Amino acid sequence: SFPTRRSSDLQRIERGETITITTESGSSEFDALIIASPLDEVLNYLDATPEETSLFMKMEYVDYRTVACSIDGIAK
């Protein structure tokens with residue numbers, strides 16, 4: 001079982017031998033990190049390398065929608 005933190009005001013993530021996560025309630029160290037937020041927002045708090053920063057800055061979002069319908073009485 002891994003400790004989890006939810007709904008925390010994340011301030012900083014520093015990666016090294018361990019991962020130090022700083023929130024409004026203090027800092028904690030962890031062995032692993034799973035990021036579950038948009039990666040372009042990660043730059044606000046992650047100690048990103050120049051390569052990571054370059055890659056995250058290239059991200060683009062494409063808005064699309066898919067609609068499937070079944071309509072009775074329409075000729076095929």
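The stops that follow concern a pair of strands, the salt bridges and a surface patch. The model is predicted.

**Stop 1: the paired strands.** Begin by selecting residues 10–15, which form strand S1, together with residues 19–23, which form strand S2. These two strands run antiparallel and are joined by 5 bridges. A hairpin of 3 residues leads from S1 to S2. To see how the strands face one another, select Arg 12 and look across to S2, where Thr 22 stands opposite.

**Stop 2: Arg 15 and Asp 47.** How many salt bridges does a search of the whole structure find? The search finds 3. For one of them, select Arg 15 and Asp 47, whose side chains meet with an N to O distance of 3.0 Å. Arg 15 belongs to strand S1, whereas Asp 47 sits in the loop between helix H1 (39–42) and helix H2 (50–57), so this pair ties together parts that are 32 residues apart in sequence. Now consider the surroundings of the two residues. Is Asp 47 buried, partly exposed or exposed? Its relative accessibility is 22%, and therefore Asp 47 counts as partly exposed; the limit for a buried residue is under 20%. Arg 15, at 35% relative accessibility, also counts as partly exposed.

**Stop 3: Glu 52.** Because Glu 52 lies in helix H2 and Arg 15 in strand S1, the pair ties together parts that are 37 residues apart in sequence. Display Arg 15, Asp 47 and Glu 52 at once: they are linked in a network of salt bridges.

**Stop 4: Asp 63 and Arg 65.** Next, select Asp 63 and Arg 65, whose side chains meet in a salt bridge at 3.1 Å, N to O. Asp 63 has a relative accessibility of 63% and therefore counts as exposed. Arg 65 likewise counts as exposed, at 68%.

**Stop 5: a nonpolar patch.** Which residues make a nonpolar surface patch of about 360 Å²? Select Ile 35, Leu 39, Met 59 and Tyr 61 to see it. Among these, Ile 35 is found in the loop between strand S3 (26–30) and H1. With a relative accessibility of 32%, Ile 35 counts as partly exposed.

Key:
Residues numbered from 1 in each chain as written. Predicted model: local features only at pLDDT ≥ 70, side-chain atom pairs only at ≥ 80, totals over all residues. Heavy atoms only, no water. Pairing = 2+ DSSP bridges. Helix = DSSP H or I, 4+ residues; strand = E, 2+ residues; numbered from the N terminus. Salt bridge = Lys/Arg side-chain N within 4 Å of Asp/Glu carboxyl O. Buried < 20%, exposed > 50% of the residue type's maximum accessible area, 1.4 Å probe, protein only. Patch = residues over 30% accessible without salt bridge, like charges linked within 9 Å, V, L, I, M, F, W, Y side chains within 5 Å. Areas by Shrake-Rupley, 256 points an atom, 1.4 Å probe, with all protein chains shown as cover.
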